[in-house]
Amino acid sequence: EPLGEETKRAADDLFLDITEKPGELIIKDYQPNSSQDIFCVWAFDNEYEIMVPNTVKLLWNTDNCSKKNSNSFFVSSGGDPSELKDFSGETEISFTYGSISLTDVTGPVIANTIGGNINVEFDDASPTKLYSLITENGYINIEMPAEASLDIDAKGQKVLSDMDFEVTSQETDRFSNSKKMNLKLNSGKVKMKLDAGYGKIYLREK
């Protein structure tokens, strides 16, 4: 018998459902329609690289496919962080038990993860618009050029840096012993909000 469309996807090792609608492209986990197709989803170490234009609004969500009617990527992160590189469009990322790696993603960015770490590197760029990074039980690590212009609100168990930030305010929560700090680098043009919960925040010069 001819293979059905979903079975063809599995046979090609492409465990994704891709739907195109006016103004949006939706990419989701492959879901079998019947018990006969369940074997198709048992794939390990699959990796996907997706190239998208910088002009799109990217919503990347792995929280049990809970968000609907949006441009969404549903990806199992496994043991390695999921990566986004060389992107300047508006970005919203929401992960559960997954780490996030951003390289030369200039913003605006809203990224949060439960049980994962967030690594941000600026190799050939600097942040240009609002950055909001939140993690629970993980750390936030940012590597940036010394000429970046940032106004940072940071909250975590420790905030560590080898850069020449101006500390404009700081306080310690007497119950959780976490630190809240406002830091300014150069003219402070770009706002950055960092919340590592019970984890640490590292601000490093690239």
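**The parallel sheet**

I began with strand 11 (residues 140–144), which pairs with strand 17 in the parallel sense over 5 bridges. For my own reference, two strands pair if DSSP finds at least two bridges between them. Helices (H or I, at least four residues) and strands (E, at least two) are DSSP runs, numbered from the N terminus. Across that pairing, I found Met144 opposite Glu205 in strand 17.

A note on what I'm looking at: this is a predicted model, in which local features need pLDDT of at least 70 and side-chain atom pairs count only at pLDDT 80 or more, while totals for chains, interfaces and linings use all residues. Residues are numbered from 1 along each chain as its sequence is written, and side-chain values use heavy atoms, with hydrogens and water left out.

Then I traced the sheet: 6 strands form an open sheet in the order 5-7-9-11-17-13, with parallel pairing. Strand 5 and strand 13 (158–161) stand at the edges with a single partner strand each, so one side of each has no neighbour in the sheet. On average, neighbouring strands here are turned by 10° against each other, direction ignored. That angle is between axes, which are lines fitted to C-alpha atoms (for helices over the stretch in contact), and angles run from 0 to 180 degrees between N-to-C directions.

**The core**

Which residues have the most contacts inside the largest nonpolar core? I got Leu133, Ile142 and Leu203, in a core of 35 residues. Such a core is a set of buried Ala, Val, Leu, Ile, Met, Phe, Trp, Tyr and Cys residues joined through side-chain atoms within 4.5 Å. Buried means under 20% relative accessible area, exposed over 50%, and partly exposed in between (1.4 Å probe, protein chains only).

I also listed what Leu203 touches, leaving out residues up to four places away in sequence: among them are Ile142, Met144, Val159, Phe165 and Leu194. Contact here means heavy atoms within 4.5 Å.

**Salt bridges**

How many salt bridges does a search of the whole structure find? It finds 6, each being a side-chain nitrogen of Lys or Arg within 4 Å of a carboxyl oxygen of Asp or Glu.

I looked at Lys206 and Glu121, whose closest N and O atoms are 3.2 Å apart. The two are 85 residues apart, with Lys206 in the segment after strand 17 (200–205) and Glu121 in strand 9 (residues 118–121). Lys206 counts as partly exposed at 45% relative accessibility, and Glu121 is partly exposed too, at 27%.

Next came Lys191 and Asp151, which meet in a salt bridge at 3.6 Å, N to O. Lys191 is in strand 16 (residues 190–195) and Asp151 in strand 12 (residues 150–156), so the pair ties together parts 40 residues apart in sequence. I noted Lys191 as partly exposed at 28% and Asp151 as partly exposed at 22%. Separately, salt bridges that share partners join Glu121, Asp123, Glu143 and Lys206 into one network.

**Aromatic pairs**

The structure holds 3 aromatic pairs. Rings of Phe, Tyr and Trp (its six-membered ring) pair if their centres lie within 6.5 Å; planes under 30 degrees apart count as stacked, over 60 as edge-to-face and the rest as tilted.

Trp60 and Phe95 are edge-to-face, at 5.4 Å centre to centre and 80° between the planes. Trp60 is in strand 3 and Phe95 in strand 6, so this pair ties together parts 35 residues apart in sequence. Trp60 is buried at 9% relative accessible area, and Phe95 is buried at 2%.

Phe122 and Tyr131 are also edge-to-face, with 5.9 Å between centres and 65° between the planes. Phe122 and Tyr131 are both buried.

**Two loop residues**

Thr106 is in the loop between strand 7 (100–105) and strand 8 (109–114). Is Thr106 buried or exposed? Thr106 counts as buried, at 12% relative accessibility. Beyond its neighbours within four places in sequence, Thr106 is in contact with residues including Phe87, Pro127 and the aromatic partners Phe122 and Tyr131.

My last stop was Ala148, in the loop between strand 11 and strand 12. Ala148 is buried, with a relative accessible area of 2%. Not counting residues up to four places away, Ala148 touches Ser126, Leu185 and Asn186. The C-alpha atoms of Ala148 and Ser187 are separated by 8.8 Å, the two residues being 39 apart along the chain.
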